[in-house]
Amino acid sequence: RPSQGTMASAVADALSDGHKLVVEAGTGTGKTLAYLLPALRSGLKVVVSTGTRNLQEQILRKDVPLLERLIGRKPRVVALKGLSNYLCLRRTEEAQGSLALVQDGGLARIRTWAATSPVGDRAELDLPEDSHLWREVCATTETRIGPTCPYYEPCFVTRARRAAAEAEMVVVNHHLFFADLALRSRYPGA
């Protein structure tokens with residue numbers, strides 16, 4: 001569409017010159033592809049911040065595969081979500097001792113999934129948003145113990161952060177983006 005081409009050119013110019021750009025357009029006009037294509041072609045590391053996890057998923061599952069065909073290569077694009085979206089392997093192992101969590105088979109299902117999941121993201125599981133079981137096995141700031149954890153290397157959070165560091169595009173939601181920005185302004189170098 002002509003409007004997409006105009007927007008894509010403006011995004012490419014902004015990325016090249018380092019200036020700010022604000023674009024507004026209606027739903028379904030192709031904004032996502034109009035900013036993703038020049039961002040991937042720019043050679044810069046780009047962070048895309050979305051309003052929702054659903055849009056994150058759309059970008060990764062629908063838009064990036066389409067762009068792969070357009071640019072003729074597989075770009076290194078990863079999603080990064082808040083801690084509670086990732087399974088904690090240590091907490092999952094510790095939960096084995098809880099009869100209440102083991103009885104209904106939910107924990108066994110999670111452990112089976114974890115053995116094959118490349119990212120440990122709860123979006124891959126069919127769990128209710130308010131799942132008691134997930135709250136017992138997800139990563140949190142209070143339970144994440146860092147490099148001293150015996151599961152630190154295979155940890156889904158550790159792996160997600162490393163993948164984000166190597167990616168050319170990281171797709172986050174606004175909440176995570178602004179929480180990270182606040183943390184970095186409070187603790188420079190974090």
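What share of the contacts in the protein with a separation of 6 or more comes from residues 24 or more positions apart? The share is 71%, where contact means heavy atoms within 4.5 Å.

1. **Basis.** This is a predicted model, in which local features need pLDDT of at least 70 and side-chain atom pairs count only at pLDDT 80 or more, while totals for chains, interfaces and linings use all residues. Residues are numbered from 1 along each chain as its sequence is written, and side-chain values use heavy atoms, with hydrogens and water left out.

2. **Overall layout.** The protein has 9 helices and 3 strands. Helices (H or I, at least four residues) and strands (E, at least two) are DSSP runs, numbered from the N terminus. Along the sequence the pattern reads α-α-β-α-β-α-α-α-α-α-β-α. The C-alpha trace spans about 60 × 35 × 30 Å along its principal axes. Of the 190 residues, 38% count as buried. Buried means under 20% relative accessible area, exposed means over 50%, and partly exposed lies in between (1.4 Å probe, protein chains only).

3. **Helix α2.** This helix covers residues 31-41. Its buried residues are Thr32, Ala34, Leu36, Leu37, Pro38, Ala39 and Leu40. The elements that cover them include α1 (2-17), β1 (46-50), α3, β2 (77-79) and β3 (169-173). Glycine 43 follows α2 and has a positive phi, near 80 degrees.

4. **Alanine 167.** This residue sits in the loop between α8 and β3. Alanine 167 is buried because its relative accessible area is 5%. Which residues does alanine 167 contact, leaving aside its neighbours within four places in sequence? They are Lys45, Arg76 and Val78. Alanine 167 and valine 78 are 89 residues apart in sequence, yet their C-alpha atoms are 6.5 Å apart in space.

5. **Salt bridges: count and rule.** Side chains of opposite charge can pair when their charged atoms come close. Here a salt bridge is a side-chain nitrogen of Lys or Arg within 4 Å of a carboxyl oxygen of Asp or Glu. The count by this rule is 8 salt bridges.

6. **Glutamate 57 and arginine 61.** Their side chains form a salt bridge, with N to O at 2.9 Å. Both residues belong to helix α3 (residues 53-71). They are 4 residues apart, about one turn of the helix. Are the two partners buried or exposed? Glutamate 57 counts as buried, because its relative accessibility is 16%. Arginine 61 counts as exposed, because its value is 57%.

7. **Glutamate 94 and arginine 90.** This salt bridge has its closest N and O atoms 3.0 Å apart. The two residues are separated by about one helical turn, because they lie 4 residues apart in helix α4 (residues 89-95). Arginine 90 is buried, at a relative accessible area of 14%.

8. **Arginine 111 and glutamate 93.** Here the closest N and O atoms of the salt bridge are 3.1 Å apart. The pair links distant parts of the chain, with arginine 111 in helix α6 (residues 106-116) and glutamate 93 in helix α4, 18 residues apart. Arginine 111 counts as partly exposed at 33% relative accessibility. Glutamate 93 is partly exposed too, with a relative accessible area of 39%. Separately, salt bridges that share partners join Glu57, Arg61, Lys81 and Asp121 into one network.

9. **Threonine 143.** This residue lies in the loop between α7 (132-137) and α8 (156-166). Its side chain makes a polar contact of 2.8 Å with the side chain of threonine 140. A polar contact is a pair of N or O atoms within 3.5 Å; within protein, one must be able to donate a hydrogen and the other to accept it, and residues adjacent in sequence count only if both atoms are side-chain atoms. Leaving aside neighbours within four places in sequence, threonine 143 is in contact with Arg90, Arg91 and Cys138.

10. **Cavity.** There is 1 cavity of 30 Å³ or more. On a 1 Å grid over the protein atoms alone, a cavity is a set of points where a 1.4 Å probe fits but cannot get out, and lining residues have an atom within 4 Å of a point. Grid points are joined across faces, edges and corners, and a volume is the space filled by probe spheres set on the points. The largest cavity has a volume of about 120 Å³. Its lining has 14 residues, and Cys88, Arg144, Ile145, Cys149 and Cys155 lie nearest its centre. The lining divides into 9 nonpolar, 3 polar and 2 charged residues. Ala, Val, Leu, Ile, Met, Phe, Trp, Tyr, Cys and Pro count as nonpolar, Asp, Glu, Lys and Arg as charged, and the others, Gly among them, as polar.

Technical notes: 1 Å grid on protein atoms, 1.4 Å probe; cavity = no way out; pocket = protein on both sides within 12 Å on 5 of 7 lines; lining within 4 Å.
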